[in-house]
Amino acid sequence: MKQIKYSRQREAIKIFLASRTDHPTADTIYMAIREEYPNISLGTVYRNLSFLADRGEILKFSCEGKADRFDGTVYPHYHFCCKSCGMVSDLNMPEQSEMNHIAEEHFDGKIESHQLVFYGQCAKCMKSVK
């Protein structure tokens, strides 16, 4: 197995994501990391986010046509995305691991995990409509 070179910038991205619960976009991460590494490029942030997501060190997910979101919490959990304002939050509910087995019954292969995002309107957006 090839040794992975340590990167201070990559580590800063992981630390930043671990400190957040709002599931920031790459642009938000870029603006924050620039404070410590002013010469970092947006491309470097995107490459490191893809690298970390591919390795399972962070989560990457989409919210219906909006910018990808990133999460430093990698244990199995679910998300909610507001279709009005784009707010993303964790749902405090137990993982439904039986979903893997149910899906596997309808798939010729092995299901190892799943990601689930619920969509709707957050309480703040619902109040503003009334």
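Predicted model: local features only at pLDDT ≥ 70, side-chain atom pairs only at ≥ 80, totals over all residues.
Close-up 1. The expected span of a helix is taken as 1.5 Å times one less than its number of residues; helices (H or I, at least four residues) and strands (E, at least two) are DSSP runs, numbered from the N terminus. Residues are numbered from 1 along each chain as its sequence is written, and side-chain values use heavy atoms, with hydrogens and water left out. The buried residues of α3 are T44, V45, N48, L49 and L52, where buried means under 20% relative accessible area, exposed over 50%, and partly exposed in between (1.4 Å probe, protein chains only). They lie on the same side of α3 because they cover an arc of only 130 degrees around the axis, the arc being that of the directions from the helix axis to the C-beta atoms. R47 and D54 are exposed on the other side of α3. Just after the helix, G56 takes a positive phi of about 80 degrees.

**Close-up 2. Helix α2 and the packing around it.** Helix α2 (residues 26–36) has A26, I29, Y30 and I33 as its buried residues. These cover an arc of only 100 degrees around the axis, which puts them on the same side of α2. The buried residues of α2 pack against α1 (8–18), α3 (42–54) and β2 (69–71), contact meaning heavy atoms within 4.5 Å. The buried residues of α3, in turn, pack against α1, α2 and β2.

**Close-up 3. The nonpolar cores.** The largest nonpolar core has 15 residues, and those with the most contacts inside it are I13, L17, I29, I33, V45, L49 and F70; such a core is a set of buried Ala, Val, Leu, Ile, Met, Phe, Trp, Tyr and Cys residues joined through side-chain atoms within 4.5 Å. Helices α1, α2 and α3 each supply at least two residues of this core. Leaving aside neighbours within four places in sequence, V45 is in contact with I13, A26, I29, Y30 and I40.

**Close-up 4. Strand β3 between two partners.** Strand β3 (residues 78–82) is mostly covered, with 5 of its 5 residues buried. In a regular strand the side chains alternate between the two faces of the sheet. Both faces of β3 are covered, with Y78, F80 and C82 buried on one side and H79 and C81 buried on the other. With strand β4 (residues 88–91), β3 runs antiparallel and is joined by 4 bridges; two strands pair if DSSP finds at least two bridges between them. The hairpin of β3 and β4 has 5 residues between the strands, and there G86 takes a positive phi near 85 degrees. Strand β5 (residues 117–120) pairs with β3 in the parallel sense, over 4 bridges, and here H79 stands opposite V117.

**Close-up 5. L91 in strand β4.** L91 lies in strand β4, where Y78 stands opposite this residue. L91 counts as partly exposed, at 27% relative accessibility. Not counting residues up to four places away in sequence, L91 touches Y78, H79, F80 and F118. L91 and F80 are 11 residues apart in sequence, and their C-alpha atoms are 6.4 Å apart in space.

**Close-up 6. Salt bridges and the exposure of their partners.** A search of the whole structure finds 5 salt bridges, each a side-chain nitrogen of Lys or Arg within 4 Å of a carboxyl oxygen of Asp or Glu. E57 and R55 meet through their side chains at 2.7 Å, N to O; E57 is partly exposed at 25% relative accessibility, and R55 is partly exposed with a relative accessible area of 45%. In the salt bridge of D68 with K60, the closest N and O atoms are 3.6 Å apart, and D68 is partly exposed at 27%, as K60 is at 37%. The side chains of E104 and K110 meet at 3.9 Å, N to O, with E104 partly exposed at 23% and K110 exposed at 60%. Salt bridges that share partners also join K14, R55 and E57 into one network.
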